[in-house]
Amino acid sequence: CDITYSIKVRAYDADAAEVSAGVNDVILYVFDDNHSFVKEIETTAGTTVRIEAPEGGHINVVAWGNLKGGNQIRHTFNQGHHVNTGYVSLKTFTARAITYYMSPDDLFMGSISILKSERKQEKLLPIHRKTGSMNITVRNIKEHSGLYDDDFRIEVRETHNRLDFNGSCAGAKDAAYRPAGLFATNTQTGREEFLVPTFNLLPESGGIDIDIYHGDTLIETVSSPGGKPITVKEGLLT
């Protein structure tokens, strides 16, 4: 008889609470007991999927959520590719002749190994958020710089530029982001502030720099406010 497994994917945030909305697509990557690629299956969170086991019976499954959002490139597996060849890479764009990386979608990832002896029970495959997020408020920048137009922008650098199929940051640590910002009046203070709404980026525990530009002129670099480096953690807002 054919051996099949039943798997259900559920998404969780950094506090282990189930994410009921926001995971728009799930892709299951199925590998055999040698971690060689067999097939991929598209599904949704909360849906039970039946997977026919490859020869040998054991399977390893890596699940990604929100890969199809369009802001990242996913590795295309061929039959027999090892799981360690897989990656999810950030897309790039060019502005002012400089290459920047696009903010990734709200990516989730998880994996599970299932033995042949466990085939009779439905298995839960939890996926967790692999990106961090950040928003930025800059106060008094016009007064600080003595420049009173609105030609200011923010650059955030650097993180790694890809995730591997273990969910770890990989690739070169050269990803610089250029999130959009705008000036708005703080309703409590009545003062104008430069705001960068929440955007996603890859985690970075070693510290990042925030560069504030007027046109092409660097006005200020913020690295360690209060003596502590700025870090980005999985699933958390900085």
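In which strand is Glu204 found? Glu204 belongs to strand β19, which covers residues 204-214.

Before going further, a word on the model: it is predicted, with local features needing pLDDT of at least 70 and side-chain atom pairs counting only at pLDDT 80 or more, while totals for chains, interfaces and linings use all residues. Residues are numbered from 1 along each chain as its sequence is written, and side-chain values use heavy atoms, leaving out hydrogens and water.

Let us start with the whole chain. The protein chain has 1 helix and 21 strands (DSSP runs numbered from the N terminus: H or I of at least four residues for helices, E of at least two for strands). Its C-alpha atoms fill a box of roughly 75 × 35 × 30 Å along the principal axes. Of the 238 residues, 44% are buried (under 20% relative accessible area, with a 1.4 Å probe and protein chains only).

Now back to Glu204. This residue counts as buried because its relative accessibility is 6%. Its side chain takes part in two pairings, listed below; a polar contact is a pair of N or O atoms within 3.5 Å, where within protein one must be able to donate a hydrogen and the other to accept it, and residues adjacent in sequence count only if both atoms are side-chain atoms.

| Partner of the Glu204 side chain | Distance |
|---|---|
| Lys173, side chain | 3.3 Å |

Leaving aside residues up to four places away in sequence, Glu204 touches Glu158, Thr159, His160, Lys173, Thr231 and Val232 (contact means heavy atoms within 4.5 Å).

Note on methods
Buried < 20%, exposed > 50% of the residue type's maximum accessible area, 1.4 Å probe, protein only.
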